[in-house]
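Thanks for coming. Please look at the model first.

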Amino acid sequence: MRKLTMEQIRNAIDHFELGGEVTGMIPHGNGHINATNKVMVTRWDGSEALYILQAVNGDVFPRPLEVIENIRRVTDFLRTKAKEPREVLKLVPTLDRKDCYIDDNGICFRVYCFVTGAVCLERPESMSDFYQAAYAFGKFQRDLSNFSAEQLHETLADFHNTPKRFRDFSKAVDEDVCGRAETCPQEIAFVQAREAFCSVLMDAHAEGRLPLRVTHNDTKINNVMLDAATRTALCVIDLDTVMPGFSVTDFGDSIRFGANTAAEDEKDLSKVSLDMDLFEEYLRGYLDGCGGKLGEEEIMLLPEGAKMMTLECGMRFLADYLQGDVYFHTDYADHNLVRCRTQLRLVECMEEHWDEMKACAAKYAKKYR
């Protein structure tokens, strides 16, 4: 989203119940979607408090009130399960007791209480960190297992509807508006050869084997807060994409990002591989966190979730490349094509390890039977 002025930010923060005077404000985090600032406040009793002020990106979330409503419903429910306040994000009300403030330009602002005594990692620094991130997202599933996903708005339509993504990709290939298809025939053919696989999860849902659940939809480790002292999972953050979905795609996106031995835009494909030790550690942590709330058939589809999210991401990068890089931010001319090749190579690696991945899922499905 476009850069906000300090006047806009100051005006927004003045509309929230902070219980004191704002004494400082600095940009916070590495997010690319919303504009985020950490706010320092001296309360009327002399104590200090920290808050997070965010402007919701209206280009990505054109219905921000639905995003806020989803967050309110989910956090209210999670709070009934929490053992301490830091385990759930808390929205701060506006002066007129609303969950957000919309300024004269139509920008939606919200404020969270800052999670103290916690750390947020861009990459796991140990196998334990990876397990704890998996446990956090698994526990998210467990705590919301009795919450009906139908209560939530679908804020991003067809977000992980992979057959729809494939149709969008096919349209981009057919139109070839930038004349780029001739530069990537192998990548196009790779995706086209896996058209049938794209329907596996949607078919499983239609057959009743894969239930609709509340899903996070952005399950990278930097969306988990770890307790700074114990380094154990504390809470899940960045709830903008919380909506109805499949548990296996939440799991799969974590594997796509976290069990790849290379960066998402690594040009040297020889560095790309699936770390099976990380795959099993995340699977173990995720299912420990779920605490038996996933069914056996659901667990057996976790490898499909990993491959699906990787293939879907690859085809989205490729479609954007063919359309002239209109969606994903790029740093150079063929950045999206490089990203695509990395994801498709990871799909190949998963196919090479497919029997191991399925055997690993079967082992843990038996444990939680």
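Ring pairs join F130, F251, F279, Y282 and Y286 into a cluster. Rings of Phe, Tyr and Trp (its six-membered ring) pair if their centres lie within 6.5 Å; planes under 30 degrees apart count as stacked, over 60 as edge-to-face and the rest as tilted.

Before going on, some ground rules. This is a predicted model, where local features need pLDDT of at least 70 and side-chain atom pairs count only at pLDDT 80 or more, while totals for chains, interfaces and linings use all residues. Residues are numbered from 1 along each chain as its sequence is written, and side-chain values use heavy atoms, with hydrogens and water left out.

Searching the whole structure gives eleven aromatic pairs. Take F130 and Y282: their ring centres are 5.0 Å apart and their planes at 50°, so this pair is tilted. F130 belongs to helix 3 (residues 127-143) and Y282 to helix 8 (residues 276-290), so the pair ties together parts 152 residues apart in sequence. Helices here are DSSP runs of H or I, at least four residues, numbered from the N terminus.

Are these residues buried or exposed? F130 is buried at 3% relative accessibility, and Y282 is buried at 2%. Buried means under 20% relative accessible area, exposed over 50%, partly exposed in between (1.4 Å probe, protein chains only).

Y282 also pairs with Y286: the centres are 6.3 Å apart and the planes at 20°, so that pair is stacked. Y286 is buried too, at 1%.

Key
Helices (H or I, at least four residues) and strands (E, at least two) are DSSP runs, numbered from the N terminus.
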